[in-house]
Amino acid sequence: MLDNWMGRGQKGSDGHDKVGLGTVRRPVIGLALGGGAARGLAHIGTIKTLVAHGIMPNVVVGTSIGAVVGGAYACGHLDRLEQWARGLQPRNIFGYLDVRLNGSGLIGGAKLAAELEATLGQSLIVDLPVKFATVATEVRTGHEIWLTHGRMVDAMRASYALPGIFSPVLIGDRWLVDGALVNPVPVSAARAMGAEIVIAANLSSDVFTHSTTIYSHGPSADLSVSVVPELMEPTV
């Protein structure tokens, strides 16, 4: 099975992998990269390890910093992103922070976006060799938004626009912010885009697993309130 993932099976004339007397089609492999702020640069190592073992994702979906690293890989610029990340020093970081006190976010984000654009160029999602999407959150409704078309840099900015830190990003007629608010590790999006096997990288398990449920709260222990979440279809 692992050989099939890595594309090491013998090829027949029809392009399928030969196994014994039958043929096996290689599964569609998806890569779901979760959010995690600066620790998200560890996704670079994850991708390099997979590629070194011959595991090449057909579908890449990222949330927040996972969208940035996944997008760099999909564009073929992962090495450039790694070189940029390794060269970051405190004085460099402050140079990317266009701080403003009169907007909806502490940081405008234009300088960082310009650096991403210089690294990735004017790449469009539709032109990528793999299926790619980023996950964002719509400000008005709180709905999960999958960005599968348009400019890579815009899709990345929307996915990492942490409320209060980065300004929301306007795409179409929607104001979008960080996708980690609704889908921290976008396995569901990778599945919906056709991935049969999903490799997920969760960098925030120490945060999401340290939780509890409060069964009684408020002025009276006899009062119980049930909240049913809104059922909604993801917007692509």
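This is a predicted model: local features need pLDDT of at least 70, side-chain atom pairs count only at pLDDT 80 or more; totals for chains, interfaces and linings use all residues.
Biologist: Which parts of the chain do D79 and K48 link?

Modeller: D79 is in helix 4 (residues 78-86) and K48 is in helix 2 (residues 42-52), 31 residues apart. Helices here are DSSP runs of H or I with at least four residues, strands are runs of E with at least two, and both are numbered from the N terminus.

Biologist: What makes D79 exposed or buried?

Modeller: Buried means under 20% relative accessible area, exposed over 50%, and partly exposed in between (1.4 Å probe, protein chains only). D79 has 52% relative accessibility, so D79 counts as exposed. K48 has 34%, and therefore counts as partly exposed.

Biologist: How do you know that E138 and R174 form a salt bridge?

Modeller: Their closest N and O atoms are 2.9 Å apart, so the pair meets the cut-off of the definition. E138 lies in strand 7 (residues 131-138) and R174 in strand 11 (residues 174-178), so the pair ties together parts that are 36 residues apart in sequence. At 6% relative accessibility, E138 is buried, while R174, at 27%, is partly exposed.

Biologist: Which residues do salt bridges with shared partners join into one network?

Modeller: That network consists of K48, D79 and E82.

Biologist: What does the salt bridge between E196 and R25 tie together?

Modeller: The closest N and O atoms of E196 and R25 are 2.8 Å apart. E196 lies in the loop between helix 8 (187-192) and strand 12 (197-201), and R25 in the loop between strand 3 (22-24) and strand 4 (29-33), so the pair ties together parts that are 171 residues apart in sequence. By the salt-bridge rule, the count comes to five.

Biologist: Why is helix 3 called largely enclosed?

Modeller: Eleven of the eleven residues of helix 3 (residues 65-75) are buried, so the rest of the structure largely encloses this helix. Among the buried residues are I65, V68, Y73 and C75. G76 follows helix 3 and has a positive phi, near 85 degrees.

How values were computed: Residues are numbered from 1 along each chain as its sequence is written. Side-chain values use heavy atoms; hydrogens and water are left out. A salt bridge is a side-chain nitrogen of Lys or Arg within 4 Å of a carboxyl oxygen of Asp or Glu.
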